[in-house]
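Dear colleague,

Please find below the structure that I am passing on to you, together with its sequence.

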Amino acid sequence: LHLTRMLNDPSDNFSFQDNTGGTAPPQDDSNGDFFSAPPSFENTPSSDPLPTDTTLVFGDEAKEVDKTVYKFYQVNYYRFLFDVDTIDVLQRIGKTFYPIGKNFVEFVNPTPDLYGPFWIAATLVFLLASTGNFAEWLTHEIKHENNTWEFDYTRISSGAATIYLYLIIVPALVWVTCRCWLDIPLSIIENICIYGYSFFVFIPASFIMLLPSINVLEWLRWVIISIAAVVSTFFLVFTYFPYFKPYLVRGGAVVLIVIAILQCGLALAFQLFFFN
């Protein structure tokens with residue numbers, strides 16, 4: 001009955017009270033109009049930032065983000081292949097000289113890169129071409145040859161074609177062998193990463209091979225390129241051996257031998273083409 005009187009009598013003002021001890025909410029300035037427009041929140045800053053495609057992610061998560069956000073024909077689709085810094089590259093280079101311990105594939109995962117292999121191959125091309133030409137010029141000056149010496153620019157183009165084709169074709173063949181014949185779970189990116197870093201030992205060797213091609217120095221150059229070939233080949237065989245070990249009888253041993261022969265053949269090609 002009391003409630004009916006309150007509803008029928010407009011002069012009686014009533015409101016709900018908050019008895020929890022908190023601060024009362026601010027009063028509305030809309031003259032009691034219950035159906036007035038709600039406040040606008042268009043310019044209200046949000047505490048949660050909107051998601052963007054520039055979120056920093058690494059490793060396998062970065063692969064999934066790049067492949068989800070971008071298409072295969074976009075450059076950013078391959079961004080995860082270059083997700084390394086200088087420290088990472090230097091550590092991986094150091095691993096090629098001392099592969100004992102943790103396997104190189106485990107060492108580079110979950111981010112096997114193409115940044116190091118690309119720049120190592122590019123550096124090797126220009127160093128072999130320049131040091132080979134310089135060694136030839138030294139030999140020309142020491143022997144006092146009458147003919148005019150000229151810089152051989154074809155060594156750059158031929159060397160680039162040889163090194164980059166080797167860096168792509170040979171790891172691809174190893175990957176096909178691992179997948180189709182021996183069922184070894186090594187990706188083509190991991191294979192290119194292994195081969196690319198195996199080239200680094202030839203960079204310091206090329207500096208030493210600036211020696212002119214005369215008498216004992218020519219034999220010394222053969223010793224240097226042989227040592228570089230042994231170090232590079234040992235790194236490859238030591239890296240692949242744990243994966244091929246269960247399949248040695250099925251042909252894994254043959255594949256390892258072929259890998260070693262091809263790597264030594266590449267070193268021989270360096271000596272004959274650039275420094276002969």
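With which residue does Arg155 form a salt bridge, and how far apart are the closest N and O atoms? The partner of Arg155 is Glu136, and the closest N and O atoms lie 3.0 Å apart. A salt bridge is taken here as a side-chain nitrogen of Lys or Arg within 4 Å of a carboxyl oxygen of Asp or Glu.

Before I continue, a word on the basis of these notes. The model is predicted, so local features need pLDDT of at least 70 and side-chain atom pairs count only at pLDDT 80 or more, while totals for chains, interfaces and linings use all residues. Residues are numbered from 1 along each chain as its sequence is written, and side-chain values use heavy atoms, with hydrogens and water left out.

Salt bridges

The count comes to four salt bridges. The pair of Arg155 and Glu136 links distant parts of the chain, 19 residues apart: Arg155 belongs to helix α6 (residues 154-181) and Glu136 to helix α5. Helices are DSSP runs of H or I with at least four residues, numbered from the N terminus. Arg155 also meets Asp152 in a salt bridge, at 3.5 Å from N to O.

Arg155 counts as buried because its relative accessibility is 7%. Glu136 is partly exposed at 35%, and Asp152 is partly exposed at 27%.

A further salt bridge joins the side chains of Arg92 and Asp113, at 2.4 Å from N to O. This pair, too, links distant parts of the chain: Arg92 is in helix α3 (residues 86-97) and Asp113 in the loop between α4 (104-108) and α5, 21 residues apart. Arg92 and Asp113 are both buried.

Helix packing

Helix α9 (residues 215-244) packs with helix α10 (residues 248-274) at an angle of about 155°, and their axes are 9 Å apart. That angle makes α9 roughly antiparallel to α10. Axes are lines fitted to C-alpha atoms, for helices over the stretch in contact, and angles run from 0 to 180 degrees between N-to-C directions. Angles under 35 degrees count as roughly parallel, over 145 as roughly antiparallel, 65 to 115 as roughly perpendicular and the rest as oblique. The crossing of α9 and α10 is right-handed, meaning that the near helix is turned clockwise from the far one by less than a right angle.

Helix α7 (residues 188-198) also packs with α9, at an angle of about 155° and with the axes 9 Å apart. α7 is therefore roughly antiparallel to α9, and α7 passes α9 in a right-handed crossing. Nine of the 11 residues of α7 are buried, so α7 is largely enclosed by the rest of the structure. The buried residues of α7 include Ile192, Cys193 and Tyr195.

Within α9, Ile224 is buried, with a relative accessible area of 12%. Ile224 and Met209 are 15 residues apart in sequence, and their C-alpha atoms are 7.3 Å apart in space.

Surface

Tyr78, Phe82, Tyr115, Phe118 and Trp119 form a nonpolar patch on the surface, with about 520 Å² of accessible area together. Patches are made of residues with over 30% relative accessible area and no salt bridge, like charges being joined within 9 Å and nonpolar side chains (Val, Leu, Ile, Met, Phe, Trp, Tyr) within 5 Å. Accessible areas come from the Shrake-Rupley method with a 1.4 Å probe, and for residues only the protein chains shown count as cover. Phe118 lies in helix α5 (residues 115-142) and, at 40% relative accessibility, counts as partly exposed.

With kind regards

Terms used:
Helices (H or I, at least four residues) and strands (E, at least two) are DSSP runs, numbered from the N terminus. Buried means under 20% relative accessible area, exposed over 50%, partly exposed in between (1.4 Å probe, protein chains only).
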